[in-house]
Amino acid sequence: MRTTVKTIIEKYNNDKTRLMDILMDIQNNFGFISDKFVEVIARETGLSIVDVEQTLTFYHFFSKKPVGEYAVYLNNSVVANMKGRAAVAKAFEEELGCKFGNLCDDGKIGLYNTACIGMSDQEPAAIINDTVFTSLTPLKVKGIVQQMREGKKVTEMIDVIGDGNNSSPLINSMVFNNIRKEGPVLFSEYEVGAAVKKVTEMTPNEVVDEVKSSYLRGRGGAGFPTGLKWEFCRKSEGPRYIHCNADEGEPGTFKERVILTELPKLLFEGMAIAAYALDAKEGIIYLRGEYKYLKNYLEAVLEEMKTANLLGENICGKKGFDFEIRIQFGAGAYVCGEESALIESAEGKRGEPRNRPPFPVQKGYLGMPTVVNNVETICTVVKIINNGADWFSMMGSHESTGTKLISVSGDCDFPGVYAIEWGMRIRDLLEIAGTEDVLAVQIGGPSGVCIGSKEFKRTISFEDIPTGGAITIIGKDRDIIKDVVVNYMDFFIDESCGSCVPCRAITVLMRNKLQKIIDGNGVMNDLDDLVDWGAKMKIANRCGLGQTAANPILTTLENFREKYEALIDKDSDYNTGFDLEKAVADSCAYVDRVPNL
Amino acid sequence: MSEKIKFTIDGKQCLAKKGQNVLDAALENGVYIPFLCHVKGVKQAGSCRICNVKVAGRTMTACTTPVAPGMEVENDIPELHDLRLAIIEALFVEGNHFCPSCEKSGNCELQALAYRYQMMVPRFPYSFPQKEIDASNSKILIDRNRCVLCKRCIRSFQDDQGRNLFAFKSRGHKVEINIDKECAVNLSDELAQEIMDVCPVGALIRKEKGFNEPIGTRKYDKKPIGSEITSVV
Ligand SMILES: Cc1cc2nc3c(=O)[nH]c(=O)nc-3n(C[C@H](O)[C@H](O)[C@H](O)COP(=O)(O)O)c2cc1C
Ligand code: SF4
């Protein structure tokens with residue numbers, strides 16, 4: 001065994017900055033990363049043992065204990081629950097005779113929960129050994145369990161093949177694209193390579209200027225002007241790097257998945273253009289581990305692009321325009337979508353966001369100036385170069401030019417990807433998504449806002465309600481607190497990196513307070529506390545995760561306060577929620593006594 | 001002499017060296033900004049968030065913010081007072097801090113901050129978590145009940161090959177501190193003492209060592225933390 005571990009480490013030149021890849025390969029080969037393996041990695045890479053463990057234990061998909069020959073990761077997001085996850089989970093547990101979080105069938109099959117896997121338009125969904133299973137039902141689960149017992153390969157267990165490139169032999173997946181509205185930008189016809197050819201006839205500064213004058217803003221959430229980011233990066237001495245953020249961790253988002261499936265060439269071309277503008281020689285696509293089923297396909301496309309001289313050396317015949325792209329997989333950590341955590345992770349470390357300043361454009365990957373851009377942002381640049389900044393900035397609204405890909409899911413007839421012009425009303429989107437009786441719309445995933453019908457006249461735009469793209473529709477029959485808010489808070493608790501005190505501790509305290517209210521022990525003061533603590537979370541944390549972790553509670557308290565008040569005993573102004581009977585239950589049981597209260 | 005940068009804290013004129021962070025500069029100018037994770041000369045963590053100050057209406061940690069010319073820093077204001085107290089309280093309920101039985105009592109910076117900020121009873125309910133004690137190292141005992149996860153030990157101690165003696169494990173509210181069983185195997189008594197001194201609380205304790213100074217005469221027993229810089233009014 002040892003020699004194999006060593007071979008894996010050698011494949012990455014014993015380089016500690018490639019620790020993610022080393023751990024991933026070992027995890028894939030052996031199904032776990034034992035103490036012995038950790039010691040070998042430490043010795044070979046020159047890290048201390050605790051440092052290797054620090055990275056290992058940060059990521060959901062790395063495990064020190066065997067995860068099973070088949071590791072089933074079933075999504076437990078809000079939308080999965082809406083679509084019948086409970087019955088699917090029950091079916092898995094019953095078929096295997098064990099609970100989630102455990103190994104079953106003599107260690108052959110493991111059942112695990114996992115945060116949103118980017119399949120909200122086809123839930124319930126699970127990942128088994130990197131293969132995605134969508135639209136699960138208890139009946140399908142029966143078949144899957146049977147086939148796992150028979151020892152069948154997961155790739156042979158899928159029963160439907162998705163549309164578009166999902167049916168390519170290199171992907172061969174059940175996943176469907178569900179492109180509902182193509183829009184005039186990303187999905188429009190174009191000639192591969194034309195844009196990168198065009199930029200080789202421009203100076204890097206002219207490319208930056210073109211992007212600047214399109215007023216393109218980052219599609220990853222924060223909306224920072226892309227051209228400006230590139231310009232800032234150019235001001236720092238190189239070598240410079242371009243990183244593409246394909247972590248897509250915000251629950252309810254899946255548009256990147258569709259771009260990666262249908263338009264990978266557009267993305268790689270965009271990265272080459274960014275590389276030209278920044279004078280970068282190397283780029284990284286940080287791809288969430290959940291999308292490993294796209295690995296072979298994306299690598300093949302990269303090769304194809306090299307053969308076509310759109311990547312590699314002297315791109316498009318331009319001497320000195322050299323650019324390589326490496327795919328860096330994540331391993332189950334939402335916070336790694338935060339740009340500086342992404343860089344840390346790509347350097348082989350725990351995905352803890354960095355303090356700013358310095359900003360990544362000043363000191364990023366390996367301490368060098370780095371631009372991190374979202375997948376959609378980078379793809380959009382290609383179309384801007386092809387069709388001109390003016391063409392682009394004519395679309396959208398004043399502060400939000402162009403179009404935006406929106407991932408729509410939840411209680412609607414047509415979940416999927418919609419390319420909309422910025423400035424569209426929520427109400428209009430709800431209409432084309434096929435909805436009726438909508439209680440609430442969650443815009444921008446858990447970190448965004450939850451709005452009620454009074455606000456449906458508002459628009460999706462940076463000047464009104466900005467979003468990275470996740471729109472989750474919550475129908476009239478849902479219990480917004482128990483079905484939505486609780487799940488989102490648990491998500492943030494699981495995903496916090498744990499560095500900042502408020503993010504690490506107060507999120508849990510708010511969740512506990514919420515439980516107190518749900519349990520019928522809430523008083524009006526508790527609502528004031530939640531507002532007060534939530535306000536502190538917004539200002540006191542280092543990164544966007546902690547700053548928005550209270551949003552599920554804060555925005556529903558603002559827009560659905562009556563739902564909270566309905567759970568509260570208004571006659572009482574003091575209730576600690578302390579349950580004496582429960583507190584003495586253990587000791588009473590021990591001495592075989594019934595609590596005498 | 002290199003040029004000094006002028007800035008203000010709560011209206012008081014201050015001077016900083018180029019590149020200096022707000023926290024270090026404040027302390028040098030006789031203004032106390034409370035902190036827990038900062039160690040002078042060691043890379044900032046910006047993780048306890050207690051040194052949060054306001055600049056142009058935005059909160060930012062003083063330890064990670066370089067002073068800029070003309071910067072107007074707000075520090076001693078009610079909003080920040082309450083924020084800092086809340087963070088201190090969150091630390092108390094997040095762990096198990098039984099001060100009367102702690103070797104560090106009187107020298108503990110968390111305890112001292114609680115006194116300075118006049119914490120009576122935390123606004124949050126106690127969580128009484130189950131934490132493990134690690135006594136496997138021959139010189140240092142880790143009591144995770146008291147650890148505030150400030151990363152001072154992680155950032156301060158490397159062996160001669162640059163390998164970290166301490167590191168985090170896990171993430172979120174499950175993070176804990178670990179000591180390396182190989183790199184930290186033969187700690188000298190001096191280093192063990194240094195480790196204990198760097199820890200702001202009683203999470204890293206020297207083994208087999210009595211404590212010379214009785215409780216009651218220790219660092220923060222007589223005067224509140226930071227009073228050598230700004231006295232408490
Ligand atoms: C917790 C957290 C998670 C994030 N996840 C993502 C993500 O999955 N994809 C993404 O593009 N940006 C994500 N971001 C935003 C990035 O930090 C960054 O702003 C973005 O990648 C910049 O690219 P853009 O300018 O093209 O939008 C996240 C931010 C935070 C705070
Ligand atoms: S806010 Fe939360 S996730 Fe972000 S750095 Fe702080 S602890 Fe980590």
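# Contacts, cavity and sheet

Modeller: In this predicted model, an oxygen atom of ligand 1 has a polar side-chain atom of A:T377 at 2.7 Å.

Biologist: Why is the pair formed by A:T377 and ligand 1 called a polar contact?

Modeller: A polar contact is a pair of N or O atoms within 3.5 Å. The side-chain atom of A:T377 is polar and lies 2.7 Å from an oxygen atom of ligand 1, so the pair meets that cut-off.

Biologist: Which polar backbone atoms lie 3.3 Å and 3.2 Å from atoms of ligand 1?

Modeller: One belongs to A:G249, 3.3 Å from an oxygen atom of ligand 1. Another belongs to A:G337, 3.2 Å from a nitrogen atom of ligand 1. Both distances are within 3.5 Å, so these pairs also count as polar contacts.

Biologist: What makes a residue count as being around ligand 1?

Modeller: One of its heavy atoms must lie within 4 Å of the ligand. Around ligand 1 there are 19 such residues, and A:G220, A:N245, A:N373, A:N374 and A:T377 come nearest.

Biologist: Which residues come nearest to ligand 2?

Modeller: They are A:C497, A:S499, A:C500, A:C503 and A:C543, out of 13 residues around ligand 2. This shell has 7 nonpolar, 5 polar and 1 charged residues. Cys counts as nonpolar, so A:C497, A:C500, A:C503 and A:C543 belong to the nonpolar group.

Biologist: How do you know that there is empty space inside the structure?

Modeller: Rolling a probe the size of a water molecule over the atoms shows where empty space is left.

Biologist: How do you know where the largest cavity lies relative to domain 2 and domain 3 of chain A?

Modeller: Its lining takes residues from both domain 2 (70–161) and domain 3 (180–393), so the cavity lies between them.

Biologist: Why are β6 and β7 of chain B called paired strands?

Modeller: Pairing needs at least two bridges. Strand β6 (residues 133–134) and strand β7 (residues 140–143) of chain B run antiparallel and are joined by 2 bridges, so they qualify. B:D134 stands opposite B:I142.

Biologist: How many bridges join β7(B) to β10(B)?

Modeller: There are 3, and these strands also run antiparallel. B:L141 faces B:I205 across the pair, and B:I140 stands opposite B:R206.

Biologist: What makes β6 and β10 of chain B edge strands?

Modeller: The open sheet has 3 strands in the order β6-β7-β10. Each of β6 and β10 has a single partner strand, so one side of each is left without a neighbour in the sheet.

How values were computed: Residues numbered from 1 in each chain as written. Chains lettered and ligands numbered in written order. Predicted model: local features only at pLDDT ≥ 70, side-chain atom pairs only at ≥ 80, totals over all residues. Heavy atoms only, no water. Domains from an automatic or database assignment. Helix = DSSP H or I, 4+ residues; strand = E, 2+ residues; numbered from the N terminus. Polar contact = N/O pair within 3.5 Å; in protein donor to acceptor, adjacent residues only side chain to side chain.
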